[in-house]
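Below is a short briefing on a few places in one protein chain. Look at the sequence and the structure first, then read the points against them.

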Amino acid sequence: MSRVSTGPSTNPTTAHALLRRLHDHGVRTVFGVVGREAASILFDEAEGIDFVLTRHEFTAGVAADVLARISGRPQACWATLGPGMTNLSTGVATSVLDRSPVIALAAQSESHDIFPNDTHQCLDSVSIMRPMTKYAVELQRPDDVTDLVDSAVAAAMTEPVGPSFLSLPVDLLGSEIDTSLPHPEVRTPAKPLGVVEDGWQEAAGKAAELLKAAKHPVLVVGAAAIRSGAVPAIRALAERLRLPVITTYIAKGVLPHGHELNYGAVTGYMDGILSFPALETLFGPADLVLTLGYDYAEDLRPSMWRHGGEKTTVRVSPTANPIPRVYRPDVDVVTDVLAFVEHLDGQTAGLAAKTPHDIAPLRERIAEFLADPRHYDDGLRVHQVIDAMNTVMAETAAEGEGTIVSDIGFFRHYGVLFARADQPFGFLTSAGCSSFGYGIPAAMGAQLARPGQPTFLIAGDGGFHSNSADLETIARLNLPIVTVVVNNDANGLIELYQNMGHHRSHDPAVKFTGVDFTALARANGVEATRAASREELVAALRKGAGLGRPFLIEVPVNYDFQTGGFGALSI
């Protein structure tokens, strides 16, 4: 039997049913790279779905991840069989550890020729994807495709949210189907489904009593709280009771950047970056830590909040506790985060406001970094770069808008500390998976999700160039993303670890030869410039923000490595 279709079908096929059902679930974009299954699917079989061709399948997976994160709806990505699927797998790993409801799709060899590791380009894709997904299955009968999409969406939209995977043999994908078969009504959850434990109100009552008795309580907020729709309720509760809010990387923006109760996002690198006891200042005086939608994958470890005196802890999550070895809360409330916050609000209606503990010294230290006026002959410092990005974002974005995206590298932890975030998911990074090369596809997803808002991307030369081919995709889609490449011709975070472990570095493992990123950008259709000072960078950012098309700025940077202060990274 031929691998290539002998002619177009005039009747509906599995491809039609697949795309129509995805559309019914709210999917409007499929990111991906197509292979020989193009003989079976054109991606115009359903009205209202756009196919976005990317240069790499990893890009497709991460763009879907971020679009799903911001929209709160399932999104789709596509890969061809064999190596296309394995390229996509890192995007899938990103969405499982970063918690996004992605529907990952990949072609497979013809159903009669699936002999994994023997047939050309044939791998056991379901077995590869199953450990990284909520649901993974291979299509066996064309008429089942609608039901498989429904199952994939249901699994992806159940907490902890994550990817589902469908493997689609190319012959079945092009097979005609019986359109007269009845299918259930589409049911796409309005928000992720979670576990609700019987009697959770009793546990919530205990939490309320602890809050009433606490002198210096703090809220530690994770992304599940955003997914639950709890942000307005958390803000109202925090403001009424004067409760400090501390977040994980990805939950920045639960309170706006300048809010007095926004005590910032936590990274284990903060003491070392600031040469200051930041974790002690944030958590030392706290006597109650109330975690709302906390997720260990977001890399705020319980050991980080144990500074100072003894603390009582309350865990509120829509999932059972998966990590009792490292987080043993005194009270565990397994329910929807919004339901808990509303319940707690009622239980504390007559409670007087608390007195937030003082973090003025930490804020002064951060302000000192951001105001750093010095000129460094060997390149800007990353805190200066982020201050310039914050300045122009504040000038450009409307109130409560704007997105700063960070790729992966040492600079990312400066972003966690310093970058503006005035809305939920206003700062985006791969908190769970830390996928190198995340920046370009994440910025694409953010800009597509928020087309009327500015998107700024900060990326290191290492991660950026690992996925820089998709600059052409940004240019082709004319996405007005302003990219700042902070270039030290090295993998700076790895150099830090070398110095931490050996008190020296080994250049062959971390150093690159120079790349002209402005020339690279222009070769891909993106206007670009260099900026070697604060003044040049601010001017370039203002230009880029006003262009209405992609723009790249290359900035030489350097790090002043301080190998002390990173004890919080110990596991």
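The model is predicted. The points below cover this helix pair and then two glutamines, Gln108 and Gln201.

**Helices H2 and H16**

- The crossing of H2 past H16 is right-handed.
- On the H2 side, the contact is made by Phe58, Thr59, Val62, Ala63, Val66, Leu67 and Ile70.
- On the H16 side, Pro441, Ala442, Met444, Gly445, Ala446, Leu448 and Ala449 take part.
- Sorted by class, this contact has 12 nonpolar residues, 2 polar ones and no charged ones.

**Gln108**

- Gln108 is part of strand E4, which covers residues 102-108.
- Gln108 counts as buried because its relative accessibility is 2%, and the cut-off for buried is under 20%.
- Leaving aside residues up to four places away in sequence, Gln108 touches Leu81, Ile114, Cys122, Leu123, Ser125, Glu138, Ser167, Leu168, Pro169 and Val170.

**Gln201**

- Gln201 sits in helix H7, made up of residues 200-213.
- With a relative accessibility of 39%, Gln201 counts as partly exposed.
- Gln201 and Thr335 are 134 residues apart along the chain, and their C-alpha atoms are separated by 9.0 Å.

Terms used:
Residues numbered from 1 in each chain as written. Predicted model: local features only at pLDDT ≥ 70, side-chain atom pairs only at ≥ 80, totals over all residues. Heavy atoms only, no water. Helix = DSSP H or I, 4+ residues; strand = E, 2+ residues; numbered from the N terminus. Buried < 20%, exposed > 50% of the residue type's maximum accessible area, 1.4 Å probe, protein only. Contact = heavy atoms within 4.5 Å. Left-handed = near helix turned anticlockwise from the far one by under 90°. Nonpolar A, V, L, I, M, F, W, Y, C, P; charged D, E, K, R; others polar.
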